[in-house]
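Please read them with the structure open.

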Amino acid sequence: MEMITVQQAEDIILTHLLDYGIEVVSYETATGRVLAEDICADRDLPPFDRSTVDGIAIRYNAYERGITTFSIKAVQPAGTAAITLTSDNECVEIMTGAVIENSLDTVIRYEDIAIVNGMATIPQHIAIKRGQNIHLKGKDKLKGQILVQADHVITPAIVGIAASVGKTTLSVRKTPKVIIISTGDEMVSPDIEPNSYQLRRSNGITIASALNKYKIQADLLHINDDIAAIKRTLSACLEKYDVLLITGGVSMGRFDYLPQACKDLGIERLFHKIKQKPGMPFWFGKSQNQQLVFAFPGNPVSAFMCLNRYFIPWLKKSLKISESLFQYAILQQNISFPPALQYFAQVKLGISEQGKCTAAPVNTNGSGDFSHLADTDAFIELPLEKDIFRQGEVYKIWKYND
C-alpha cells in the first residue's frame with residue numbers, strides 16, 4: 001500500500017467515528033465526562049427579586065416624596081421569607097441574597113446610610129435610583145432556558161450549575177473500552193533494573209495517563225515479539241475491547257509482526273505508513289466487528305505524536321466534544337526540513353506582546369528522544385509541500401501538556 005499523506009490519514013480515521021452510547025452518572029463523578037444532555041433552568045434565575053448588597057430596602061415612591069428617614073421594621077437575613085411593610089415610613093434592614101417583598105423596589109447599602117436608634121437616614125448628598133441593588137427574578141435565565149448545552153466537557157463550573165438546578169445525576173457519553181498493548185523483547189517493566197541492552201516500558205503508561213483526562217481507564221499489557229503470542233493476545237482483546245492502542249511492531253524490522261498478525265486475524269488494514277516525521281510507520285485498521293486498531297510506532301515521540309495527532313481527535317469527535325481539535329501559533333525561528341514528509345516539531349508555546357500564541361522549536365535527537373516532552377507544550381505541524389519554514393509564519397499546533 002502506498003504511503004499516504006497526513007490529511008488522507010486523518011480523513012480515513014475520522015470516517016470511522018463510533019458512538020458508544022449514553023450512561024447516567026452522579027454529578028459528583030461527572031467532571032471530565034462529556035455532557036450528553038442540555039442542562040436547563042428548573043425555575044427562573046434568580047428565582048426571586050434579591051438584594052445584591054447589605055443595607056435597607058425601601059419603597060422608592062416614599063423617597064421621591066421626600067422621606068429620607070425610615071423606621072427599621074425588621075432585619076431580614078438571606079434564606080428567610082420576605083417581610084412586608086405597613087407604612088412608607090418603614091424600611092427593612094436586608095442582607096445580601098435576601099428575597100425582596102413585592103412593594104419594595106430599592107435597596108440602599110449600609111455605606112450610604114446612617115442608622116441610629118432603629119432609624120435609617122439617607123444623607124442628602126447620596127443619590128438614589130429606583131431599582132438599585134436589586135437582582136430581578138428571571139433576569140439571568142427564565143425557567144426552561146438552556147444553561148449548559150450538551151457536548152461540553154463537564155467542568156467544576158458545570159457541576160455547580162447542575163447542582164443549582166437540582167440535577168444530581170447527568171447523562172454523559174460512554175467512553176470506549178480501551179486496551180493499550182506495548183510490544184518488543186527489549187522492553188521490560190518500569191519497576192525492574194534493565195540490562196544494558198534493554199529499555200523500560202513507558203509508552204503504555206504515557207498513553208494511559210493521557211486517556212485519564214477523558215476518564216478512560218484503559219487496561220495495559222505487554223507482549224514480546226512472538227507472532228503466535230501476538231495473534232493470541234490480539235484475538236482475545238478483540239473479544240473484550242472497543243479500541244486497541246498498540247505501540248511497536250509496525251516498522252520494517254524482521255520482528256515487526258503486527259501487520260501480519262492483524263492480517264491473519266482478519267483485521268482490515270485501512271492504511272499503513274504516513275508521509276510524516278515522526279511516526280511514519282503508523283498502522284490503522286478495523287476488525288470485522290468494527291473494533292479499531294491504532295498501531296503506533298514504538299519510539300516514544302512517534303507514539304506520543306500519533307496519539308495526539310490522530311487518536312485524541314478521533315476520540316473527541318466520537319464523544320462529540322464541542323471544542324477545536326487544534327490551534328494555531330506563530331513560528332519563532334526558521335526551520336529547514338528537506339525530506340518530503342510532514343514534519344511535527346516539538347515547540348514551547350508562549351504569548352506575544354500582541355497577545356498571540358507563539359511556538360519556539362526545541363532541538364531534539366529524533367523520535368527516540370523523549371526527554372523534551374516534559375518541557376515542551378505541543379507539536380507544530382509543518383506541511384510537506386515546503387522545506388523551509390520561516391519565523392513569523394503561522395501553522396497548526398497540537399497541544400499535549402495542558
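Is Asp151 buried, exposed or partly exposed?

1. Asp151 is partly exposed, with a relative accessible area of 22%. The cut-off for buried is under 20%. Keep in mind that this is a predicted model. Asp151 is found in the loop between E11 and H3. Its phi is positive, about 80°, although Asp151 is not a glycine. Most residues other than glycine have a negative phi, and most peptide bonds are trans.

2. Lys215 is another residue to check. Its phi is positive at about 60°, and Lys215 is not a glycine. Lys215 lies in the loop between H4 and strand E16 (219–223). At a relative accessible area of 38%, Lys215 is partly exposed.

3. Next, the cis peptide bonds. One runs from Leu45 to Pro46, with omega near -10°. Pro46 sits in the loop between E2 and strand E3 (50–51). Another cis bond joins Lys277 and Pro278, where omega is about 0°. Pro278 is in the loop between strand E19 (276–277) and strand E20 (283–286).

4. Look at helix H3, residues 156–164. Which residues of H3 are buried? They include Ile158, Val159 and Ala162. These residues cover an arc of only 105° around the axis, so they lie on the same side of H3. An α-helix has 3.6 residues a turn, so residues three or four places apart point the same way. Pro156 and Ala157 are exposed on the other side of H3. Gly166 follows H3, and its phi is positive, near 80°.

5. Now the open sheet. Six strands form it, in the order E7-E4-E6-E5-E9-E8, with mixed pairing. Strands E7 (106–109) and E8 (114–116) stand at the edges. Each has a single partner strand, so one side of each has no neighbour in the sheet. From one strand to the next, the twist averages 35°. Within the sheet, E4 (residues 55–58) and E6 (residues 90–94) run antiparallel and are joined by three bridges. Ile56 stands opposite Glu93 in E6.

6. The side chains of Arg59 and Asp88 meet at 2.8 Å, N to O. Arg59 lies in the loop between E4 and helix H2 (60–64), and Asp88 in the loop between strand E5 (69–76) and E6, so the pair ties together parts that are 29 residues apart in sequence. Arg59 is buried, with a relative accessible area of 18%. Asp88 is partly exposed at 23%.

7. What of the other salt bridges? The whole structure has 15. Among them, Glu193 and Arg200 meet at 3.5 Å, N to O. Glu193 is exposed, with a relative accessible area of 66%, while Arg200 is partly exposed at 39%. Lys386 pairs with Glu393, their closest N and O atoms being 3.1 Å apart. Lys386 is partly exposed at 31%, and Glu393 is partly exposed at 23%. Glu10, Arg309 and Glu381 are linked in a network of salt bridges. Side chains of opposite charge can pair when their charged atoms come close.

8. Finally, the nonpolar cores. Which residues touch the most other members of the largest core? Of its 42 residues, these are Leu211, Leu245, Phe282, Phe294, Phe296, Phe311 and Trp314. Elements that each supply at least two residues include helix H1 (6–14), strand E13 (178–183), helix H4 (203–212) and strand E21 (292–296). Helix H7 gives the most, with 11 residues. A second, separate core has 18 residues, including Ile230, Leu234, Cys237 and Leu238. In soluble globular proteins, nonpolar side chains tend to be buried together.

9. Leaving aside neighbours within four places in sequence, Phe296 is in contact with residues including Ile207, Leu245, Phe282, Leu307 and Phe311. Its other contacts include Thr247, Gly248 and Cys306.

How values were computed: Residues are numbered from 1 along each chain as its sequence is written. This is a predicted model: local features need pLDDT of at least 70, side-chain atom pairs count only at pLDDT 80 or more; totals for chains, interfaces and linings use all residues. Side-chain values use heavy atoms; hydrogens and water are left out. Two strands pair if DSSP finds at least two bridges between them. Helices (H or I, at least four residues) and strands (E, at least two) are DSSP runs, numbered from the N terminus. Axes are lines fitted to C-alpha atoms, for helices over the stretch in contact, and angles run from 0 to 180 degrees between N-to-C directions. A nonpolar core is a set of buried Ala, Val, Leu, Ile, Met, Phe, Trp, Tyr and Cys residues joined through side-chain atoms within 4.5 Å. Buried means under 20% relative accessible area, exposed over 50%, partly exposed in between (1.4 Å probe, protein chains only). Contact means heavy atoms within 4.5 Å. A salt bridge is a side-chain nitrogen of Lys or Arg within 4 Å of a carboxyl oxygen of Asp or Glu. The arc is that of the directions from the helix axis to the C-beta atoms.
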